[in-house]
Amino acid sequence: MNVGVAHSEVNPNTRVMNSKGMWLSYVLCIVLLHLVLLSVPFISVPTVWTLTNLIHNMCMYLLLHTVKGTPFETPDQGRARLLTHWEQMDYGVQFTSSRKFLTIIPIILYILTSFYTKYDQTHFVLNTLSLLSVLVPKLPQLHGVRLFGINRY
Amino acid sequence: NNNLTKVKHVLLLSHSQVIQLIIVGIASCQQLVSHIVVQVFSPGNGVASRPQKHEPFEQAPMYVAVMTYLGFGIVTLFGYLRDFLRAVGLEKCHLAQEREEQKDFIPLYQDFENFYTRNLYMRVRDNWNRPICSLPGPVFDLMERVSDDYNWTFRFTGKTLHNVINMGSYNYLGFAENNVDFLKTVADKVNQYGTGVCSTRQEIGNLSIHEELEGLVANFLGVESAMIYGMGFATNSMNIPALVGKGCLILSDELNHTSLILGARLSAATIRVFKHNNMHSLERMLREAVCSGQPRTHRPWKKILIMVEGIYSMEGSVVRLPEIVALKKKYKAYLYLDEAHSIGAVGPSGKGVTELFNVNPTDIDVMMGTFTKSFGAAGGYIAGKKELVDYLRSYSHSAVYATAMSPPITEQILRALKCIMGKDGTTEGLRRIHQLAENTRFFRAKLKEMGFIIYGNDDSPVVPILLYMPGKVVAFAREMLERRIGVVVVGFPATPITEARARFCLSAAHTRDMLNQVLHHLNEVGDTLCLKFSRRKYTSRPDLCAETNLELDS
């Protein structure tokens, strides 16, 4: 147990997404990524939107659904060591506002991307697959589920 | 049809919101009435008769939070990069690693759990655990140390930094001093009793000096009886299990100290946490506990214990004692008050928060405190009714298994207590208490005027200045050390991610010169590092302004 801690929160990771300004920073980060990709001269606008969508979903999948545990030691005897950040959020309570926010953002991004790529077939397939890869792990039925033993330990 | 349903939803929401507003309005009217009651019925002009201070927890502007996350994001990215370099072999790895043949087993050194330690803490480690080589009075001497490999190892240069101003020690009344006259009685007692007791209180470790101290502590606090223990942390963690058990409910404040949390967990009682200093949250929990009882069986709780602290050490906020006592009487709960930081430091004669709020000490069921902070010694006490303390003498784990307080420490506490109570024939104790109160008011007023965001009550000698960004936390600590001022800084994960802070602990031994020096340097560092985030206009003469503040703060 860490003496000199300013709160009685067992796992500070659970409250990170609820902190002040986190949602705004998240949106600003996506905007920044999009602007960086737009500045590259030889990529067309639809490709840029698809790339933004793909990179955002890939990063979200890696950070929220692949990386397990906490980057610091917690006094909960390793209860969160096998949980991804999504499963740790709010101690596993479903449908909190942060979870809803993180579910809605990929959907909005997908809708915008579909519009800007003019519903082209290749782009559509890529974007839909990527959206599914990010939405399916967020379902409450898949809380703690590891398919085919991937990422179990 | 869609529009109609939308309007219906909006109306329903606002309907329940209106009900909530009415309830909150009634509660705040009650609060205002209780304020007025306190004001009308408290005689005199002292601290206790002032209406309860508004304790703002001011939020920084939004760009500060965004920059904080940006800082953490960049550090995390660089952390991953460095980990990759270490794994590939381009960078030397200073940590323990498994041998080649063990790499296929389950990892022994959990890699991700010390990500933060490896990649953030190690880079800035020189701001903590600085070795000092004098006593921690108002000024101290630091051993200068440098690092050749970016803080993985340290090396002492042999030089000493003299007279660094100490703003981190809990030396509230200045008893951490090396005054020969004051320490003479302690030396005598070492000759008489020896240095160690080598036994528990219940076996042959009960010395007459312990009884003397217990009587004096009970006298000081205005209660029937008290018991002392050798270690402050253990006073909480070993006695709460003796007081509550299975089938009891503990309502503990959000920001309670680790010792209280550990004691509550060890006791096997049900723990519910209420929002910091929030009386609505506490009352709601009390009502729910009294109405519903234990979780599944709905039997009534055997005991409900409300655990609060006098001064919270990381926020500097003071507990709302009169309101909690009123709540406890209404719902028939017990109150455990941990006065680790407030005993000796607040109140017109140093008797703690009970004196600050003019609350009768017999209203508080268990008064606990430590001698580590204001008395310059070690150990803790629990005080209350005679039956309670007699019970603890038999049933407390500390009394049965831990060694008793050692005689020189007991004598140090005795002479510090006598000094504070005035029983040594001088007014030194009172002078120190007044000096501390003056220093506190002066320092806090000046900081607010300069534009820093600070938390806490105006009377508390613990002053946290909010720094927010991880880079600024480190830069602040190093910059202050260069200017010969030693400060304590804390960041994530010890604080919430956006609330990294530097904590200043004022002392009666700080002279006005030292405080002016510190304030001058704080001003400069605040300008250099852009730390003045406060958006409130603060004047040091509020009586000249005609505005009244009726904010609902909860």
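Colleague: What do the buried residues of α2(B) pack against?

Modeller: They pack against α1 of chain A together with α3 (115-121) and α15 (470-482) of chain B. Here a contact means heavy atoms within 4.5 Å, and buried means under 20% relative accessible area, exposed over 50%, partly exposed in between, with a 1.4 Å probe and protein chains only. Helices are DSSP runs of H or I with at least four residues, strands are runs of E with at least two, and both are numbered from the N terminus.

Colleague: Before we go on, what should I know about the model and the numbering?

Modeller: This is a predicted model, where local features need pLDDT of at least 70, side-chain atom pairs count only at pLDDT 80 or more, and totals for chains, interfaces and linings use all residues. Residues are numbered from 1 along each chain as its sequence is written, chains are lettered from A and ligands numbered from 1 in the order in which they are written, and side-chain values use heavy atoms, leaving out hydrogens and water.

Colleague: OK. Which residues of α2(B) are buried?

Modeller: Val64(B), Ala65(B), Val66(B), Thr68(B), Tyr69(B), Phe72(B), Gly79(B), Asp83(B) and Arg86(B).

Colleague: And how does the span of α2(B) come out against 1.5 Å a residue?

Modeller: Its 27 residues should span 39 Å, and the end C-alpha atoms are 39 Å apart, which agrees. The expected span is 1.5 Å times one less than the number of residues. After α2(B) comes Gly89(B), with a positive phi near 110 degrees.

Colleague: Now the partner in chain A. What does α1(A) pack against?

Modeller: The buried residues of α1(A) pack against α2 (45-66) and α4 of chain A, together with α2 (62-88) of chain B. Those buried residues are Met22(A), Ser25(A), Tyr26(A), Ile30(A), His34(A) and Leu37(A). Helix α1(A) covers residues 22-39 and reaches 26 Å from its first C-alpha to its last, close to the 26 Å expected.

Colleague: What else is in chain A, helices or strands?

Modeller: Five helices and zero strands. Of its 153 residues, 41% count as buried, and the C-alpha atoms fill a box of roughly 55 × 35 × 25 Å along the principal axes.

Colleague: Switching topic: where does Lys118(A) lie?

Modeller: In the loop between α4 (97-116) and α5 (121-135) of chain A. Most residues other than glycine have a negative phi. Lys118(A) is exposed, with a relative accessible area of 65%.

Colleague: Where is Asn163(B), then?

Modeller: In strand β2 (residues 155-166) of chain B. Asn163(B) also has a positive phi near 55 degrees, and at 52% relative accessibility it counts as exposed.

Colleague: Last one: at what angle do α6(B) and α11(B) cross?

Modeller: Roughly 110 degrees, with the axes coming within 10 Å. The two helices are therefore roughly perpendicular, the class for angles of 65 to 115 degrees. The axes are lines fitted to C-alpha atoms, for helices over the stretch in contact, and angles run from 0 to 180 degrees between N-to-C directions.

Colleague: What about Ser396(B), buried or exposed?

Modeller: Buried, with a relative accessible area of 0%. Ser396(B) lies in the loop between α11 and α12 (397-401) of chain B. Not counting residues up to four places away in sequence, Ser396(B) touches Tyr229(B), Met238(B), Asn239(B) and Ala242(B).

How values were computed
Parallel < 35°, antiparallel > 145°, perpendicular 65-115°, else oblique.
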